[in-house]
Amino acid sequence: MTTLKVRRDSITEADIAAERGRFPQMFSAPLVDRIGAWLAWSMPVALTLYCLYRFGFISGDFLHGVSKFAAVVVGQLFPPKGFEQLPLFLTVMGETIAMAFLGTLLGAVIAFPLSFF
Amino acid sequence: MNHAVAAVPKRPGAAARFEIEYAQYRRQKKIYAVIFGAAFLACIVAAGVATKVDLMALVKGLPRTTDFLAKLVPPIALGTFAHDMGEWYWDIRKWMGSLLNTLLMAYLATVLGTVVGGFMSFFAARNLARHYLVYWLVRRVLEVARTVPDIVWALLFIIAFGIGPMAGILAITVHTIGAQGKLFAEVNENSSTLPIDGIRAAGGNWFEEMRFAVLPQVTPNYMSYTFWRLELNVRSATIVGFVGAGGIGHDLFTSIQLLYFADAGAILVIIVATIMLIDMLSEKLRHSAIGKASFAH
C-alpha cells in the first residue's frame, strides 16, 4: 500500500486549524454525542454479555462441548456413507419438493384474496 | 404539398404489416402460455401423485381438526371466567420464565449471528471481494449454514452440548450467520462504489474502504434486516425447543407428549401473542430505520 502524497501548496496547517475552529463538528462529533453513543451501545453489549453468561458460554463446559462437536459430530458425519440407499433418498427428496410446491400453491391461492383486505 | 410527399420514400401497407407482426407475436405468446399452463398442471398432478394426495381422506379428516382444537382449550364458563383462566394458566410462572429464556436465546443468537454473518458478508459481495475464490467459498459456506434446517443443527448441537438452551442458541446462530451473510452481501452489492473510489483515492486501505465508504450506505438496511431476523429467531427458538433445545418450545412439546392439551393450548396462546407483539414492534422499528435512509438521499 503506497501512501498518497498530496501537494498542499494552497492549504496550510494554519488554514486547517482555522476551519477546525469555525466548524468543529466537521472534524469530530461533539463530546455529548459521543458519550450518548457509548451509553446507547453499552446496553445491547451488556445484555449480550449477560446472555453469554446466563446460557453457560463462559465456562469449561462450552469448550468441552466444542471438542465433542469436532470429534463426534464432524468425525462421524464425514466421510458420508450409505449411498446404496440413494434411490430411496431421491424418492423422498421428490416427495419433499412436491410438498413444498403444493403447500406454496395452496397458500398463495388462499392468501391472494386475503391480501386485498 | 404533393412534391413533399413524393420526396420521402413511402413504404406501402405499414399499418397492415404491423397488424400481421402483432398477430404473429400474440400467437406466439398464446402458444407459450398454453405450454406453460400444461406444464404447470402436469407439475400439480405429479406433486399430487408423489405426495399421495387423497381428497377423500382430506374431506373425511377435516372435521377431526376441530376435535384437536377443542381439546386445546379447557371448558371456560363466562360466570367463573377469572377462575377458569387461572386454572388454564396454572403454571404461568414457569411458562413466563421459559418465554424470557426463549426471547434471550433469540436475542443472543441474532447478535452473534449478525456479527459473524455481517463480517463474512463483506467477502461474499461480488463488488467488494478481492479474489473470486474467496467470494465463491464464503458464499458456499453461507449456503450450507442457511439451508440445513434449524432442527437438524439443533440435534447436532444437542449431541455435542447436551439438552438445553445452549444447543438451541448455537443452532439458530449458525442459521442466522447464513441468512444474514447472504442478505447483507446483497445489500453490499447494491451499494454505490463511488465512495469506495473516493476513499481509495484518499489513500485508504481495504478495511478503511469498508468502514467509511460502504458501512454508512448499508447500515439502515442492516438494521432493518436485523430486526426482522430477531423476530424470525423468536419463532425459530420456539421450534428448536421442540427437540429439547430449551425455551418455551420445550414446554410445549413436553405438554403435548404428556397429552396435557390444555397446557399446550395455553402455551400456544402465549407464543402467538408474543409473536404478534414482536411483529408490530419490529415493523415500527424497521420502517423508522428505512425511513431515515430514504430521507438521507
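Predicted model: local features only at pLDDT ≥ 70, side-chain atom pairs only at ≥ 80, totals over all residues.

**Charged side chains and their partners**

Reply: At 14% relative accessibility, B:Arg139 counts as buried. The cut-off for buried is under 20% relative accessible area, so B:Arg139, at 14%, falls on the buried side.

B:Arg139 has a charged partner. Its side chain forms a salt bridge with B:Glu189, and the closest N and O atoms are 3.2 Å apart. The two residues sit in separate helices of chain B: B:Arg139 in α6 (residues 132-147), B:Glu189 in α8 (residues 165-190). The pair therefore ties together parts that are 50 residues apart in sequence. B:Glu189 is partly exposed, with 29% relative accessibility, whereas B:Arg139 is buried.

Next, a pair that involves both chains. B:Lys52 makes a salt bridge with A:Glu95, with 3.7 Å between the closest N and O atoms. B:Lys52 lies in the loop between α2 (14-50) and α3 (55-72) of chain B, and A:Glu95 lies in helix α4 (residues 86-114) of chain A, so this bridge joins two chains. B:Lys52 is exposed, at 63% relative accessibility. A:Glu95 is partly exposed, at 27%.

Chain A has a pair of its own. The side chains of A:Arg22 and A:Glu19 form a salt bridge, 3.6 Å from N to O. Both residues belong to helix α1 (residues 13-22) of chain A. They are 3 residues apart there, so about one helical turn separates them. A:Arg22 is exposed, with a relative accessible area of 56%. A:Glu19 is partly exposed, at 32%.

These pairs belong to a wider set. Over all chains, the structure holds 8 salt bridges.

B:Glu231 is located in helix α10 (residues 206-240) of chain B. Its relative accessibility is 5%, so it counts as buried. What does B:Glu231 contact, leaving aside neighbours within four places in sequence? The contacts are B:Ile278, B:Asp279 and B:Ser282.

Now set these residues against chain B as a whole. Chain B carries 26 positive and 19 negative side chains. The centres of the two sets lie 11 Å apart. Buried residues make up 37% of the 297 residues in the chain. B:Arg139 is one of the buried residues, and B:Glu231 is another.

The fold of chain B is helical in its elements: 12 helices and 0 strands. Along the sequence, the pattern reads α-α-α-α-α-α-α-α-α-α-α-α. Among contacts with a separation of 6 or more, 71% are between residues 24 or more positions apart.

The overall outline gives the setting. A compact globule of 297 residues would have a radius of gyration near 19 Å, whereas chain B has 29 Å. Along the principal axes, the C-alpha atoms of chain B fill a box of roughly 100 × 65 × 40 Å. The accessible surface of chain B is about 18,100 Å². Carbon and sulfur atoms account for 71% of that surface.

Technical notes
Residues numbered from 1 in each chain as written. Chains lettered and ligands numbered in written order. Heavy atoms only, no water. Helix = DSSP H or I, 4+ residues; strand = E, 2+ residues; numbered from the N terminus. Rg over C-alpha atoms; globule rule 2.2 N^0.38 Å. Buried < 20%, exposed > 50% of the residue type's maximum accessible area, 1.4 Å probe, protein only. Contact = heavy atoms within 4.5 Å. Areas by Shrake-Rupley, 256 points an atom, 1.4 Å probe, with all protein chains shown as cover. Lys, Arg positive; Asp, Glu negative; His and termini not counted. Charge placed at Lys NZ, Arg CZ, Asp CG, Glu CD. Salt bridge = Lys/Arg side-chain N within 4 Å of Asp/Glu carboxyl O.
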